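Open the model in your viewer and keep the selection tool at hand. The stops below go from single side-chain pairs to the whole chain.

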Amino acid sequence: ILCTGLDGEFKSGGIVAIDMTDEAVEPGFAVSESFIGAEICDFDYANGKFYVAADSSTASELYAVNASAASKTTLVSYASAWTMPFVKANGAGLLLVADRTLSAPGIRILDTANDTFTTSGVISTGLPPCDIALTE
């Protein structure tokens with residue numbers, strides 16, 4: 001569950017896990033905004049990693065985060081904020097990444113098995129996407 005930070009406190013939120021057996025929140029963040037170094041916009045989980053779309057005041061990044069190893073890899077970075085606010089993984093391990101670049105809006109597809117994009121560019125949606133839903 002993505003929890004927003006405290007109002008006015010940059011990078012104070014993060015992703016928390018729920019123990020469904022105990023119906024309780026696990027202590028601490030699974031991934032914190034301070035670890036990412038930016039505000040988390042959205043995330044999904046696939047192939048043992050969190051995929052985190054994050055924004056600072058000047059950039060948008062997509063990270064692959066191995067929480068148990070406390071490591072992160074920047075998969076793509078844009079020089080403008082709010083360009084990549086949504087991600088959604090499917091059951092086959094493909095991650096759809098919204099790209100709101102005004103000149104070429106659409107969806108990029110990442111294979112989470114090897115963290116590489118399967119598309120050389122954007123699959124055009126015509127207008128900037130504002131959310132992603134999958135039907136499987």
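A residue counts as buried when its relative accessible area is under 20%, and as exposed when that value is over 50%. The model on screen is predicted.

Start by selecting Asp-99 and Arg-108. Both residues are buried, and their side chains form a salt bridge with an N to O distance of 2.9 Å. A search of the whole structure gives two salt bridges.

For the other stop of this kind, select Asp-115 and Lys-49. These two form a salt bridge, with 2.9 Å between the closest N and O atoms. Asp-115 sits in the loop between β12 (106-111) and β13 (116-117), while Lys-49 belongs to strand β7 (residues 49-55), so the pair ties together parts 66 residues apart in sequence. Lys-49 has a relative accessibility of 18% and therefore counts as buried.

Next, show the surface and select Ile-1, Ile-18, Met-20 and Val-25. Together they make a nonpolar surface patch of about 400 Å². Ile-1 lies in the segment before β1 (2-3); this residue is exposed, at 53% relative accessible area.

Now zoom out and color by secondary structure. The protein has one helix and 14 strands. Its radius of gyration is 15 Å, close to the 14 Å given by the globule rule for 136 residues, so the protein is as compact as a globular protein of that length. Along the principal axes, the C-alpha atoms fill a box of roughly 45 × 35 × 25 Å.

Finish with the surface of the whole protein. The accessible surface is about 7,400 Å², and 54% of it belongs to carbon and sulfur atoms. Of the 136 residues, 38% count as buried.

Note on methods: Residues are numbered from 1 along each chain as its sequence is written. This is a predicted model: local features need pLDDT of at least 70, side-chain atom pairs count only at pLDDT 80 or more; totals for chains, interfaces and linings use all residues. Side-chain values use heavy atoms; hydrogens and water are left out. A salt bridge is a side-chain nitrogen of Lys or Arg within 4 Å of a carboxyl oxygen of Asp or Glu. Helices (H or I, at least four residues) and strands (E, at least two) are DSSP runs, numbered from the N terminus. Buried means under 20% relative accessible area, exposed over 50%, partly exposed in between (1.4 Å probe, protein chains only). Patches are made of residues with over 30% relative accessible area and no salt bridge: like charges are joined within 9 Å, nonpolar side chains (Val, Leu, Ile, Met, Phe, Trp, Tyr) within 5 Å. Accessible areas come from the Shrake-Rupley method with a 1.4 Å probe; for residues, only the protein chains shown count as cover. The radius of gyration is taken over C-alpha atoms; the globule rule is 2.2 Å times the number of residues to the power 0.38.
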